[in-house]
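This report describes one protein chain for a reader who is new to structural analysis. The sequence and the structure are shown first, and the description follows.

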Amino acid sequence: LEEWPRIVRTSRRPGDRLRLLFVGGEFERKGGPSLLRVFAARFQGLAELDIVSDTAPPDVPPSVRVHRGLRPNAPELKALYRAADALIHPTTADLSGWVVLEAGACSCPAVVTATGGVPELVEDGRTGFVVPVGDDRRLGDAIERLVSDRSAAAGRRSAVPAGHR
């Protein structure tokens, strides 16, 4: 945890765009295409999205930034976690979500899918939201809660589940 110091998150001002973060080496398996569909359909102009993946497609919507070549624990990656209002991790198959733990260490809420042990890393409705795998509508609804309710993305005392502190 000393590598990922906890930060105090402040509420965003009205009009500020929500900053979403996706981190996944295998863009497709980690649910990247689903996130891009949902983002383009529902959040263009309302939020910004940072994608950390060497396998992300080159053609992404405006307000989506792709970061390639970032390695674990890189200062640039840590800065993206600190700047993010939420991690979006719609993976289709994972035993656990290391990125969810990194987000939690930074007190960053996460929207995750119910696969493997990933849901055990998020307290649904408190430190983030758990949605079914492949359900774009529910993924969008969870992100919508973060966009429409600023307190859902800010003011968390800790995004690390109680059993993992």
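## Overall arrangement

From the N terminus on, the order of elements in the chain is β-α-β-β-α-β-α-β-β-α-α. This gives 5 helices and 6 strands, where helices (H or I, at least four residues) and strands (E, at least two) are DSSP runs numbered from the N terminus. The model is predicted: local features need pLDDT of at least 70 and side-chain atom pairs count only at pLDDT 80 or more, whereas totals for chains, interfaces and linings use all residues. Residues are numbered from 1 along each chain as its sequence is written, and side-chain values use heavy atoms, with hydrogens and water left out.

Of the 165 residues of the chain, 50% count as buried; buried means under 20% relative accessible area, exposed over 50%, and partly exposed in between (1.4 Å probe, protein chains only). Among contacts (heavy atoms within 4.5 Å) between residues at least 6 apart in sequence, 59% join residues at least 24 apart.

## Helix 1 and its partner

The buried residues of helix 1 are G32, S34, L35, L36, V38, F39 and F43. They pack against strand 1 (18-23), strand 2 (47-52), strand 3 (64-67), strand 4 (86-89) and helix 4. After helix 1 comes G45, which has a positive phi near 90°.

Two packed helices are described by the angle between their axes and the distance between the axes. Helix 1 (residues 32-43) and helix 4 (residues 136-148) pack at about 55°, and their axes are 10 Å apart. Axes are lines fitted to C-alpha atoms, for helices over the stretch in contact, and angles run from 0 to 180 degrees between N-to-C directions. Helix 1 and helix 4 are therefore oblique to each other; angles under 35 degrees count as roughly parallel, over 145 as roughly antiparallel, 65 to 115 as roughly perpendicular and the rest as oblique.

On the helix 1 side, S34, L35, R37, V38, R42 and F43 take part in the contact, and they meet D136, R137, L139, G140, D141, I143, E144 and V147 of helix 4. The residues of this contact divide into 6 nonpolar, 2 polar and 6 charged. Here Ala, Val, Leu, Ile, Met, Phe, Trp, Tyr, Cys and Pro count as nonpolar, Asp, Glu, Lys and Arg as charged, and the others, Gly among them, as polar.

Helix 3 is largely enclosed by the rest of the structure, because 6 of its 8 residues are buried. These are V99, V100, E102, A103, G104 and A105. They pack against strand 1, helix 2 (75-83), strand 4 and strand 5. Helix 3 is followed by S107, with a positive phi near 60°.

P109 lies in the loop between helix 3 (98-105) and strand 5 (110-113). The C-alpha atoms of P109 and T127 are 5.0 Å from each other, although the two residues are 18 residues apart along the chain.

| Residue | Relative accessibility | Class |
|---|---|---|
| C106 | 1% | buried |
| C108 | 2% | buried |
| P109 | 1% | buried |

How many disulfides does a search of the whole structure find? The search finds 0 disulfides, a disulfide being a pair of cysteine sulfur atoms within 2.5 Å. The sulfur of C108 has its closest cysteine sulfur in C106, at 7.3 Å, which is too far for a bond.
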